[in-house]
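This report covers one protein chain, from single residues up to overall totals. Please look over the sequence and the model before reading on.

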Amino acid sequence: AKTTFLYKRTLQPGTGEYSWQDLNGDSIQQVNEFFIAPFQDQADFIRFAVLSDEYVQTNNLRFNQLLQLEPGRIWKSGKGLMPFIGKFSSLSTWNIERKSHQREWISAWNPFKFETIDTSLVSAQSAFQSHIFFNRNHPIFESSFGINTYFNQYLLLSGSEQSRQKIWTYAGKYRLADSWTLACQYLWGEKQNASQSFAQNAYYYRFWQLEPELLWQKGSEIQIRSRLKWRRMMAEQAEYQIPAMIIQPGLDIQWAIKQKTRLRARLSYAEAKFDRLDMPVLTLALLEGLSPGENWLWGLSLEQKLSDALFLSISYDGRKSELGQPIHIGKAQISAQF
């Protein structure tokens with residue numbers, strides 16, 4: 001059956017998953033104006049899938065594959081290249097679910113057929129991950145290289161919706177001394193969103209992201225982490241290219257006291273550059289909820305073990321954009337484990 005989505009406001013603010021952006025300024029909630037909330041305090045809506053009475057006949061296909069290679073279990077020692085090859089390992093997963101009303105039998109049951117303009121697809125989800133590791137879990141040095149691809153398409157009463165992304169990742173970690181660790185991650189890829197009925201929700205952009213960090217750790221008690229996020233994006237709209245950039249340094253501190261109390265504090269400054277404020281959907285996708293200009297984000301949290309079964313959690317988060325007022329969010333929770 002064809003599907004439509006309904007969005008309902010939660011009883012308590014910040015307990016949902018979606019936020020409402022009034023794209024046309026008419027103060028009326030419309031189905032294309034709900035997005036995954038970039039910050040939890042904005043997540044005031046949850047989504048329900050409602051099936052219509054309009055049915056289409058489909059061929060259903062499901063494909064799952066996992067491949068793991070660990071040559072180090074065989075080639076741990078020896079001469080020649082074998083010990084070096086044994087330092088490598090890999091893990092790959094591929095999950096596909098697809099519904100299609102294509103009449104050609106071979107096309108309908110080919111799990112790898114995902115054409116951008118394929119009108120035979122009723123719904124499709126494909127997630128592929130593959131990573132190659134070198135010196136995995138080594139205490140001094142380890143690195144990895146991987147690719148993540150995701151494709152999602154579903155048929156609504158209003159038309160077809162589609163999203164896809166492809167992300168390449170390289171990550172490395174090196175222990176400089178007993179208390180110092182240097183890590184770095186580099187990502188690049190592309191993201192795309194298409195809508196058959198809401199052209200203003202369509203976008204495509206490429207991005208490059210660098211994330212170095214330096215960690216100082218004293219046993220299991222104190223951790224101080226300094227980090228930097230540099231992200232450059234290039235969106236394509238018709239024949240135009242629209243650049244954007246985020247530079248975000250930050251500092252995280254964690255302090256554990258006698259395995260009963262854990263304190264965390266974080267502070268980051270983000271400078272976001274993007275000039276096309278007349279494109280709210282693209283702005284939200286590129287800046288991840290940040291506002292153009294200067295942004296400050298901070299947070300404090302306390303986790304306390306009251307007894308063997310009772311746990312107390314208190315958190316405070318805040319943020320401030322260049323032109324906006326400060327936003328403060330506080331939460332407290334007591335949980336019991338049996």
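In which helix is methionine 82 found? Methionine 82 is found in helix H1; helices (H or I, at least four residues) and strands (E, at least two) are DSSP runs, numbered from the N terminus. The model is predicted, so local features need pLDDT of at least 70 and side-chain atom pairs count only at pLDDT 80 or more, while totals for chains, interfaces and linings use all residues. Residues are numbered from 1 along each chain as its sequence is written, and side-chain values use heavy atoms, with hydrogens and water left out.

**Residues**

Buried means under 20% relative accessible area, exposed over 50%, and partly exposed in between (1.4 Å probe, protein chains only).

| Residue | Relative accessible area | Class |
|---|---|---|
| Serine 123 | 16% | buried |
| Methionine 82 | 38% | partly exposed |
| Leucine 182 | 40% | partly exposed |

Serine 123 belongs to strand E7 (residues 121-134). Apart from neighbours within four places in sequence, serine 123 has contacts (heavy atoms within 4.5 Å) with Glu97, Arg98, Lys99, Gln153 and Tyr154.

Leucine 182 is part of strand E10 (residues 180-195). Not counting residues up to four places away in sequence, leucine 182 touches Gly172, Lys173, Tyr174, Leu176, Glu213 and Leu214. The C-alpha atoms of leucine 182 and leucine 215 are 6.4 Å apart, although the two residues are 33 apart in sequence.

**Nonpolar patch**

Methionine 82 also belongs to a nonpolar patch on the surface, together with Ile74, Trp75, Leu81, Phe84, Ile85, Phe88 and Ile132. Patches are made of residues with over 30% relative accessible area and no salt bridge, with like charges joined within 9 Å and nonpolar side chains (Val, Leu, Ile, Met, Phe, Trp, Tyr) within 5 Å. A salt bridge is a side-chain nitrogen of Lys or Arg within 4 Å of a carboxyl oxygen of Asp or Glu. The patch has about 770 Å² of accessible area together, by the Shrake-Rupley method with a 1.4 Å probe; for residues, only the protein chains shown count as cover. Helix H1 (residues 82-85) gives the most to the patch, with three residues.

**Whole protein**

The protein has three helices and 17 strands, and its C-alpha trace spans about 60 × 60 × 50 Å along the principal axes. Of its 338 residues, 33% are buried. Among contacts with a separation of 6 or more, 54% are between residues 24 or more positions apart. The protein exposes about 21,100 Å², and carbon and sulfur atoms supply 56% of it.
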